Amino acid sequence: MWGFIGVISALAGATYVLAASSPPSGAITIGSGGKYSTISAGLADTSSNVYFIYAGTYHEQVYINRANVKIYGQTSNALTYTSNTVNIWNSLVASAAGSDDASGTVRIGTSGTGVSLYNLNIANTYGHPVEQSQAIALSVYGANFGGYGLNLTSYQDTLLAEYGPEFISQSLIVGAVDYIFGQHASLWITKSVLYSVGSGDITASGRSSDDAYYYVINDSTIEGASGVTSYLGRPWADYARVIFQSCSLSSVVPAAGWSEWSSTTPNTDHVTFAEYGNSGAGATGPRASFATTLSSPLSITTVLGSTSWIDSSYM
């Protein structure tokens, strides 16, 4: 029996999830009371694409490289990360793993199209013992990725949004340095909190040509620890394109708003670093000379195209 209230719309192709406290019929179960004790063992069972993880802490790396997988974490309220009970963690730096992606606690491979993750806390606990401490919590290489009610935590490079489109909503993303980054994805983050635990830049777009990709942070809140200075982004490559719109920016965001990649390699020649309709102490300039203000907000379809694959409860 479903422990969550759900409605399937055949016309819209969308699922409306209100809460997930026990597994749906036919789901593969993981954790205390489940069939498998680890997430990786559960995913090796391909008799269903639907997985339910009971409350608990799971120390492992998880790799998903199969289409249309849905993973639900046990929760009393699926429409927020604040009631999450499933914690997935690992501690691995990219320099030891061999690449940014390989360090990820949860990794979505290129064949993992249409993957949806619900109500999971995902952490890479490596921290920041040295200057270069890239340690990914979630790495996404699969198209049509949906992240719902997630809590993503690291220090540097928390979310690798490499290929898309990707949609993340009602989530918390924690980091300090370039903690939302990648090269080839269109990413829409909405109704979420970005929290900076140290000084640095929230985004680092590696867009290197005049392609169709955007990073858009929409209707979200930017906060941080006391004394932190958190720029909205810096350009990993010189066609970086990032928009913050209808967001509440706390005082952690400085007047300049945006920064160069470095003093020797600014990468600002072709950037689009833009804002629309932001509020809060961090929304006041003067902004950096290479920043712009939009005359109207971007639509989600401009950024992602069709939204039929997105869970409409989180739009």
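Two strands are said to pair if DSSP finds at least two bridges between them. Helices (H or I, at least four residues) and strands (E, at least two) are themselves DSSP runs, numbered from the N terminus. Tryptophan 188, for instance, stands opposite valine 216 in strand 22. The model is predicted, so that local features need pLDDT of at least 70 and side-chain atom pairs count only at pLDDT 80 or more, while totals for chains, interfaces and linings use all residues. Residues are numbered from 1 along each chain as its sequence is written, and side-chain values use heavy atoms, with hydrogens and water left out.

The overall form comes first. The protein contains three helices and 28 strands. Its radius of gyration, taken over C-alpha atoms, is 19 Å, close to the 20 Å that the globule rule gives for 315 residues, so the protein is as compact as a globular protein of that length; the rule is 2.2 Å times the number of residues to the power 0.38. Along the principal axes, the C-alpha atoms fill a box of roughly 55 × 45 × 35 Å. Of the 315 residues, 54% are buried, where buried means under 20% relative accessible area, exposed over 50%, and partly exposed in between (1.4 Å probe, protein chains only). With contact meaning heavy atoms within 4.5 Å, 62% of the contacts between residues at least 6 apart in sequence join residues at least 24 apart.

Serine 171 lies in the loop between strand 16 (166-169) and strand 17 (172-175). This serine is buried, with a relative accessible area of 0%. A polar atom of its side chain lies 2.9 Å from the backbone nitrogen of leucine 150, and a polar atom of that side chain also lies 2.9 Å from the backbone oxygen of serine 169. Not counting residues up to four places away in sequence, serine 171 touches Tyr81, Gly147, Tyr148, Gly149, Leu150, Lys191, Ser192 and Val193.

Charged side chains complete the picture. Side chains of opposite charge can pair when their charged atoms come close. A salt bridge is defined as a side-chain nitrogen of Lys or Arg within 4 Å of a carboxyl oxygen of Asp or Glu, and by this rule the count comes to seven. One of them joins arginine 107 and aspartate 101 at 2.9 Å, N to O; aspartate 101 counts as buried at 15% relative accessibility. Arginine 207, buried at 4% relative accessibility, forms a salt bridge with aspartate 210, the closest N and O atoms being 3.3 Å apart, and another with aspartate 211, where the closest N and O atoms are 2.6 Å apart. Aspartate 210 is exposed, with a relative accessible area of 63%, whereas aspartate 211 counts as partly exposed at 23%. Elsewhere, salt bridges that share partners join Asp178, Asp201 and Arg234 into one network.

Notes:
A polar contact is a pair of N or O atoms within 3.5 Å; within protein, one must be able to donate a hydrogen and the other to accept it, and residues adjacent in sequence count only if both atoms are side-chain atoms.
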